Amino acid sequence: MNDGILLVAFGTSYGKARVSYDKTEETFQPSFSKDRIHWSYTSDIIRKKLAKQGKPVPSIRESLDNLSRQGVRNIRIQSLHMAAGEEFSEMERTVQNYIDAHPQAFDRVLLGRPLLESHADLDGVVQTLAEELPKERRPDEAVLYMAHGQQHGRADLVLAAVRDELQRRDSLTFMATVEGTYSLERALQELKNKGVKTVWLAPFMIVAGDHANNDLVGSDEDSWASILKKEGFNVKAHLKGLGEMEGIRRIFLRHALETVDDMVPVSAPAAADAGHS
């Protein structure tokens, strides 16, 4: 088999959250047969934890080694990250460093972009979120999404665009981040200003994993649910990872199919067999 696709995610060790990745693979199968779909996690911590459980998932370097040994010559690498922030940049550097060190490993390495890059992506994401809201939500009830964010503010503008477009379509939709600029305190004040009594909490993350089940709706006093309840809000949960939503998965598939970003230099010589360690 000369072609393959590598799906690269941050990863999860939360068993039930794996459904987002399983459904993503199902969405890719009509375009890439199951035996051509490979996975890597970028989180060292999660990979080590899964390895101890007997459920190893390879790193990007390990996957590229395996694919080269198998004789794969053309590979598409599709990021399952939210935006071109820290994790995506590290993934991109890892792939480029590998190619530089093994210039004959592959003929083509096409890199698919993360979820949110264009106006079309933004429109698709916001439309999908609107369609996936809980049917039992009442018109006077708010929705607060938990995004991850980043300590130094990378991808802040991407998240701001999503938040603004959500509020443009639905004035009772809010977003805050675990890290970075858009804190829960800021969202709390916005909720109070709107006179909201009931808040639905939902993850703006590919998987509904540890952050969603613990930091968002967990029973600890510092979870968002606990903090909101102390502030007098009635709290409900809508724990559905973005990867569980078909509209989101279709954006990732489109990025994988449409990418023309080849990371292999045109002048790199091709080899008939590039097995190496």
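**Reading the terms**

Tutor: The residues of the lining of the largest cavity divide by class into 6 nonpolar, 1 polar and 2 charged. This is a predicted model, in which local features need pLDDT of at least 70 and side-chain atom pairs count only at pLDDT 80 or more, while totals for chains, interfaces and linings use all residues. Residues are numbered from 1 along each chain as its sequence is written, and side-chain values use heavy atoms, with hydrogens and water left out.

Student: Why is a space called a cavity, and why is another called a pocket?

Tutor: On a 1 Å grid over the protein atoms alone, a cavity is a set of points where a 1.4 Å probe fits but cannot get out, whereas a pocket is an open set with protein on both sides within 12 Å along at least five of seven lines; lining residues have an atom within 4 Å of a point. The search of the whole structure finds 1 cavity of 30 Å³ or more, and about 40 Å³ of space lies in the largest cavity. The largest pocket has a volume of about 1000 Å³. Of the 36 residues that line this pocket, the closest to its centre are Phe10, Glu87, His148, Met205 and His211.

Student: How do you know that Thr198 is buried?

Tutor: Thr198 has a relative accessibility of 11%, and buried means under 20% relative accessible area (exposed is over 50%, partly exposed in between, with a 1.4 Å probe and protein chains only), so Thr198 counts as buried.

Student: What makes the pair Thr198 and Asn234 a polar contact?

Tutor: Their side chains are joined at 3.3 Å. A polar contact is a pair of N or O atoms within 3.5 Å, where, within protein, one must be able to donate a hydrogen and the other to accept it, and residues adjacent in sequence count only if both atoms are side-chain atoms. The value of 3.3 Å therefore falls within the limit of 3.5 Å.

Student: Which residues does Thr198 touch, leaving out those up to four places away in sequence?

Tutor: Thr198 touches Glu141, Ala142, Asn234 and Lys236, where contact means heavy atoms within 4.5 Å.

How values were computed
Points joined across faces, edges and corners; volume = space filled by probe spheres on them. Nonpolar A, V, L, I, M, F, W, Y, C, P; charged D, E, K, R; others polar.
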